[in-house]
Amino acid sequence: RGLGDVYKRQGKAYGITSAEFVGRHRLTSASSVQSAVRVLLKKDILTQQDDCYWIYDYFFGEWLKRNF
């Protein structure tokens with residue numbers, strides 16, 4: 001749900017640990033998002049610039065759009 005849903009709608013995500021973002025996407029908590037993002041950044045699945053996050057690999061992003 002979370003990552004694929006955000007990517008499908010926006011392509012990029014801002015303020016992903018804000019209460020508004022967590023609530024809008026029905027995620028469990030800001031701390032869970034932080035933990036997941038940390039791992040995804042480390043594995044080069046996500047990339048970040050300032051407060052903006054997006055899928056690093058274009059083809060993986062397209063796969064997410066079609067399958068989630």
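The legends below describe close-up views of a predicted model.

**View 1. The open sheet contains 3 strands in the order β1-β3-β2.**
Pairing within the sheet is antiparallel. The edge positions are held by β1 (12–14) and β2 (46–49), and each has a single partner strand, so one side of each is left without a neighbour in the sheet. On average, neighbouring strands are turned by 25° against each other, direction ignored. Strands of a sheet pair through backbone hydrogen bonds, in either a parallel or an antiparallel arrangement.

**View 2. Strands β2 and β3 form a hairpin with 2 residues between them.**
β3 covers residues 52–55 and runs antiparallel to β2, with 4 bridges joining the two strands. Q49 has C52 in β3 as its bridge partner. Q48 stands opposite Y53, which is also a residue of β3. D50 in this hairpin takes a positive phi near 55°. Most residues other than glycine have a negative phi.

**View 3. L46 is a buried residue of strand β2.**
The relative accessibility of L46 is 7%, and L46 therefore counts as buried, the limit being under 20%.

**View 4. Helix α3 lies across β2 and β3.**
The helix spans residues 30–42 and runs at about 100° to β2.

**View 5. R24 and E20 meet in a salt bridge through their side chains.**
The N to O distance is 2.8 Å. A search of the whole structure finds 1 salt bridge. Why are R24 and E20 separated by about one helical turn? Both residues lie in helix α2 and are 4 residues apart, which gives that separation. R24 has a relative accessible area of 39% and is partly exposed. E20, at 51% relative accessibility, counts as exposed because the limit is over 50%.

**View 6. R26 and D44 are loop residues with positive phi.**
R26 sits in the loop between α2 and α3. Its phi is about 50°, although R26 is not a glycine. Is R26 buried or exposed? With a relative accessible area of 56%, R26 is exposed. D44 belongs to the loop between α3 and β2. The phi of D44 is positive, at about 60°, and D44 is likewise not a glycine. At 52% relative accessibility, D44 counts as exposed.

**View 7. Y58 and F59 form an edge-to-face aromatic pair.**
The whole structure contains 2 aromatic pairs according to the search. In the pair of Y58 and F59, the distance is 5.3 Å centre to centre, with 80° between the planes. Both residues are exposed.

**View 8. F60 and W63 form a stacked aromatic pair.**
The ring centres of F60 and W63 are 5.9 Å apart, and the angle between the planes is 15°. Where do F60 and W63 lie? Both are in helix α4 (residues 58–67), 3 residues apart, or about one turn of the helix. F60 is partly exposed, with a relative accessible area of 29%. W63 also counts as partly exposed, at 40% relative accessibility.

Note on methods: Residues are numbered from 1 along each chain as its sequence is written. This is a predicted model: local features need pLDDT of at least 70, side-chain atom pairs count only at pLDDT 80 or more; totals for chains, interfaces and linings use all residues. Side-chain values use heavy atoms; hydrogens and water are left out. Two strands pair if DSSP finds at least two bridges between them. Axes are lines fitted to C-alpha atoms, for helices over the stretch in contact, and angles run from 0 to 180 degrees between N-to-C directions. Contact means heavy atoms within 4.5 Å. Buried means under 20% relative accessible area, exposed over 50%, partly exposed in between (1.4 Å probe, protein chains only). A salt bridge is a side-chain nitrogen of Lys or Arg within 4 Å of a carboxyl oxygen of Asp or Glu. Rings of Phe, Tyr and Trp (its six-membered ring) pair if their centres lie within 6.5 Å; planes under 30 degrees apart count as stacked, over 60 as edge-to-face and the rest as tilted.
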